[in-house]
Amino acid sequence: MPFLIAAVLQTVQGSRVVTMLVAPFLLLPLVPELGLPPEIIILSMASGTFLISHVNDPFFWIFGELAELEPSEVFRSNTL
């Protein structure tokens, strides 16, 4: 559940920082029912933020610059 919520938020709005700020507040009421350690929940949310990468996410451009790729190549190599 934490992974899916973070992945959906990331897909809809595109910013990893905003996703990692909003997802915990959405999941807070569900934590006792999930029965998972907090570390697993945090790592699941962090993993969900890397499922989709948009051009409005700074990571998209940082990845492209460091790998010396054109934006079309970043789309093919850094996104689903």
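## A nonpolar surface patch

Met1, Leu30, Leu34, Leu36 and Ile40 together make a nonpolar surface patch of about 400 Å², where a patch is built from residues with over 30% relative accessible area and no salt bridge, nonpolar side chains being joined within 5 Å. Areas of this kind come from the Shrake-Rupley method with a 1.4 Å probe, and a salt bridge is a side-chain nitrogen of Lys or Arg within 4 Å of a carboxyl oxygen of Asp or Glu. Of the residues named, Leu34 lies in helix 3, residues 31-34 (helices are DSSP runs of H or I with at least four residues, numbered from the N terminus).

## How the model is read

This is a predicted model, in which local features need pLDDT of at least 70 and side-chain atom pairs count only at pLDDT 80 or more, while totals for chains, interfaces and linings use all residues. Residues are numbered from 1 along each chain, and side-chain values use heavy atoms, without hydrogens and water.

## The nonpolar core

The largest nonpolar core has 7 residues, namely Ile5, Ala6, Leu9, Ala23, Leu27, Ile41 and Met45; such a core joins buried nonpolar residues (under 20% relative accessible area) through side-chain atoms within 4.5 Å. Helix 1 (2-13), helix 2 (16-27) and helix 4 (38-49) each give two or more residues to this core, and the largest share, 3 residues, comes from helix 1.

Leaving aside residues up to four places away in sequence, Ile5 touches Ala23, Leu26 and Leu27, contact meaning heavy atoms within 4.5 Å.

## A buried aspartate

Asp57 is found in the loop between helix 4 and helix 5 (58-67), and counts as buried at 3% relative accessibility. Beyond residues up to four places away in sequence, Asp57 touches Gln10, Gly14, Ser15 and Arg16.

Methods: Buried means under 20% relative accessible area, exposed over 50%, partly exposed in between (1.4 Å probe, protein chains only). Patches are made of residues with over 30% relative accessible area and no salt bridge: like charges are joined within 9 Å, nonpolar side chains (Val, Leu, Ile, Met, Phe, Trp, Tyr) within 5 Å.
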